Amino acid sequence: MNSEEKNVQIKDNNSEEQTYRPTLDELRAELKREYRKHDYTRTLRNTIVVVIVVAALSVLVSSFFITVLKVTGDSMTPTLDTGQIVIANNYATFETGELIAFYYNNKVLVKRVIGSPGDWINIDENGQVFVNGVQIDEPYISDPSQYVDGANESDKVTFPYQVPDKRYFVLGDHRTVSIDSRSQTVGCVSKEQLIGGVVFRIYPFNVFGKIDSVAAKEE
């Protein structure tokens, strides 16, 4: 092989080496890919941590502070309609007129507090409600009624009625259909049954917001 042929071979080898040698732009692109991979892994890890923390906080908040409930039935119309989703705040002191959620017979019921421990409750034949001898104004009810329609005489409480200690006398807003403390079967709500005060509506979205739990006023 003469010197000219050797020079051509060396040039060809150098050309091949240059062909496979990454350029500066390629190195930058590769570095960006590595950075993106690193960022993706870090973002994924952070997202998983955030999801776990949020889930844990949700369970904690739900267990100790608030409870999410779905309304079923028509006993609270027009204040609450069936299918609406509400939040109950887990506190245990209530005033006349406030909405509360409580457990009864493996169900969750929502009613309105009418009487507190020791109060005397009276409901006349026209459905007018008296607490400790004073009639209360109830703009939230749809149909005043002394008892639920079709109630058995043996199941009706006798008025005037005194609320037992550590219990609350509750009524639904749709008085002709609501099964509530006017029934001896249901009776008054004990503190052990209480979930909390119903304070916020989250669904449907067109009525999203704080529930205006109009307090009953003495006339």
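Predicted model: local features only at pLDDT ≥ 70, side-chain atom pairs only at ≥ 80, totals over all residues.

**Exercise 1.** Determine whether Phe159 and Phe169 are buried or exposed, and classify the geometry of their ring pair.

*Solution.* Begin with accessibility: Phe159 and Phe169 are both buried. Next, take the ring geometry. The ring centres of Phe159 and Phe169 lie 6.3 Å apart, and pairing requires centres within 6.5 Å. Their planes meet at 70 degrees, and because angles over 60 degrees count as edge-to-face, the pair is edge-to-face. Finally, locate the partners: Phe159 belongs to the loop between strand S7 (134-137) and strand S8 (161-162), whereas Phe169 belongs to strand S9, so the pair ties together parts 10 residues apart in sequence.

**Exercise 2.** Identify the cluster to which Phe159 and Phe169 belong.

*Solution.* Ring pairs join Phe159 and Phe169 with Tyr147 and Tyr161 in a cluster. The structure holds six aromatic pairs.

**Exercise 3.** Classify the pair formed by Phe94 and Tyr168, and state which parts of the chain it ties together.

*Solution.* The ring centres are 5.6 Å apart and the planes stand at 80 degrees, so the pair of Phe94 and Tyr168 is edge-to-face. Phe94 is in the loop between strand S2 (85-89) and strand S3 (99-104), and Tyr168 is in strand S9 (residues 167-171); the pair therefore ties together parts 74 residues apart in sequence. Buried means under 20% relative accessible area. Phe94, at 4% relative accessibility, therefore counts as buried, and so does Tyr168 at 5%.

**Exercise 4.** Find the ring over which the charged end of Arg112 sits.

*Solution.* The ring is that of Tyr140, with the charged end of Arg112 3.6 Å from its centre.

How values were computed. Residues numbered from 1 in each chain as written. Heavy atoms only, no water. Phe/Tyr/Trp six-rings, centres within 6.5 Å; stacked < 30°, edge-to-face > 60°. Helix = DSSP H or I, 4+ residues; strand = E, 2+ residues; numbered from the N terminus. Buried < 20%, exposed > 50% of the residue type's maximum accessible area, 1.4 Å probe, protein only. Lys NZ or Arg CZ within 6 Å of the ring centre and 35° of its normal.
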